[in-house]
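Please open the model in your viewer with both chains shown as cartoon, and keep a selection panel at hand. The tour below moves from one selection to the next and says what is to be found at each stop.

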Amino acid sequence: MWQEGERVKSHVWRPLYVVIAFVVALLVFRFFYVPNDFGSGKRGFMYSYHRKSNETEWKNQPAKYSVSGRERMHEYCSECHGEIVKVRSEKLHGIIPCEDCHGPALQHPDKPEKLPIDRSRGLCLRCHTSLPYTTSERHRIPGIDPKTHNTDIECVECHNPHNPSLEGMK
Amino acid sequence: MERREFLQKCIMVIVGASVPVSALTLIDPKKVFAENPQIQWAFLVDTNKCVGCGFCVKACKTENDIPFDAHVSRTWVERYVYTKDDKRYVDSPDAALYGFTESRIDLGRGEYKEIDKDNVGKAFFVPKLCNHCSSPACTQVCPVGATYKTDDGVVLVDRTWCIGCGYCIMACPYGARFFHPIAKVADKCTFCYHRLSKGLDSACVNACPFKARRMGNIHDKNDPITQIIMNERVGVLKDEFGTKPQAFYIGLAQEVR
């Protein structure tokens, strides 16, 4: 009877040792694998358990588009392209930031030396496709039907994007 | 036990039990600070000003290296058309990356619906993006601690830790998350965190010619955006989900969700 009792004990303890060893191994692995700066931050475990250094990684991503706000952008671009920016700022298209058509220019004029200008029909049609939405601000923008309005040529062949008034047409 | 002693102990128990547990917890200054840190970014969309040009989507995809030809986007613009015979249509072809250049509504699966010009009642455009909620459902469900809310109120994804399980994509009530086809991780709007930290506006705010998109610090009472949010009639999307979204909308219609 006694001997049997001892055997029962050992068959309970042995798997328990395995489990304990497994948990310890897991904790040791976790200790080395999880970075030190992992933590909850000020918003608590539920919403912000994270690796703190990732915030810096995101902050250090390179930006592409240049200075903010169209006023500051016009100012920046007019340092070299004063004439054209002046024409533009006074006319209807003065509200459009230069980079919307000319592409991101944070490193310009170093990289890229020349900006890839989007002269496509599609770019103009973003705003100037006629849509029958009288209640939308869109209605105030002059629009054309792209299926019928000079379908085979680009807009910039006739219209001057910097001075879009119809009197100033090429 | 005497009668007097019994009554005294009874009163002590009642008084002790009536003290709420919260009164006994010490105030943690860190927690108080978290509720009122210096900067708290918020977004303001003026739907009355949007014309659906999609320059914001183009700028966002360019700035953040989201492939143009993949059907995913960190921000998008929706078109709402209400007809006079009381039908409502919503679409956002290619997330409005190329704007709205056709009057027909994209119903999906290659089907389109042309609405008669005279039948259009009202129509408007609504830009959408991640709401950077105060209680974001997406960061709660992340099993590996890869997505989180920063102290200044931006929800980010740690690309080295994300395992791409997609729980957060399913948890977001706004559909603002997606699987990045190149990075192979969950991706979302970062409020252009890299630009904010350099003192620049986010790419979409920068690109909008009509100032339909704006951003500000809602813990600064003098910030023009905070002024608008405090003083004008603004709404948030899906308030009932309790996520406390931080993107505010002027001119919100009840169909916009």
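Two strands are taken to pair if DSSP finds at least two bridges between them. With that in mind, and remembering throughout that this is a predicted model, begin in chain B by selecting strands E2 and E6, which pair in the antiparallel sense over eight bridges. Within this pairing, pick out B:Glu78, and you will find B:Val126 of E6(B) standing opposite.

Now widen the selection to the open sheet of three strands to which these belong, whose order is E3-E2-E6 in chain B and whose pairing is antiparallel. Its edges are formed by strand E3 (88–91) and strand E6 (120–128) of chain B, each of which pairs on one side only. Looking along the sheet from one strand to the next, the twist averages 15°.

Next, select residues 105–108 and 111–113 of chain B, which are strands E4 and E5, run antiparallel and are joined by three bridges. One of the paired positions is B:Gly108, whose bridge partner in E5(B) is B:Glu111. The hairpin that these two strands make has two residues between the strands, and there B:Arg109 takes a positive phi near 55°.

Move on to another open sheet of chain B, this one with four strands in the order E11-E1-E13-E12 and with mixed pairing. Here the edge strands are E11 (213–217) and E12 (234–235) of chain B, each pairing on one side only. Inside the sheet, select strand E1 (residues 41–46) and strand E13 (residues 247–250) of chain B, which run parallel and are joined by four bridges. At B:Asp46, the bridge partner to look for in E13(B) is B:Ile250.

The remaining stops concern the contact between the two chains. How many residues does each chain bring to the contact? Chain A gives 52 residues and chain B gives 67 residues. Between them the two chains bury about 5000 Å², with 56% of that area on carbon and sulfur atoms. Select A:Arg43, A:Trp58 and A:Arg126 together, for these supply 17% of the area that chain A buries against chain B, more than any other three residues.

For the polar side of the interface, display the 28 residue pairs in polar contact between chain A and chain B, both residues being at pLDDT 80 or more. The side of chain A that touches chain B draws at least two residues from each of several elements of chain A, among them helix H3 (53–59), helix H4 (70–90) and helix H6 (121–128). By type, the residues on that side of chain A divide into 25 nonpolar, 11 polar and 16 charged.

Select A:Lys64 and B:Asp65, whose side chains meet in a salt bridge at 2.5 Å, N to O. A:Lys64 lies in the loop between H3 and H4 of chain A, and B:Asp65 in the loop between helix H4 (55–63) and strand E2 (76–83) of chain B, so the pair joins two chains.

How values were computed. Residues numbered from 1 in each chain as written. Chains lettered and ligands numbered in written order. Predicted model: local features only at pLDDT ≥ 70, side-chain atom pairs only at ≥ 80, totals over all residues. Heavy atoms only, no water. Contact = heavy atoms within 4.5 Å. Buried area = accessible area lost by both parts, 1.4 Å probe. Polar contact = N/O pair within 3.5 Å; in protein donor to acceptor, adjacent residues only side chain to side chain. Nonpolar A, V, L, I, M, F, W, Y, C, P; charged D, E, K, R; others polar. Salt bridge = Lys/Arg side-chain N within 4 Å of Asp/Glu carboxyl O. Axes fitted to C-alpha atoms, helices over the stretch in contact; angles between N-to-C directions.
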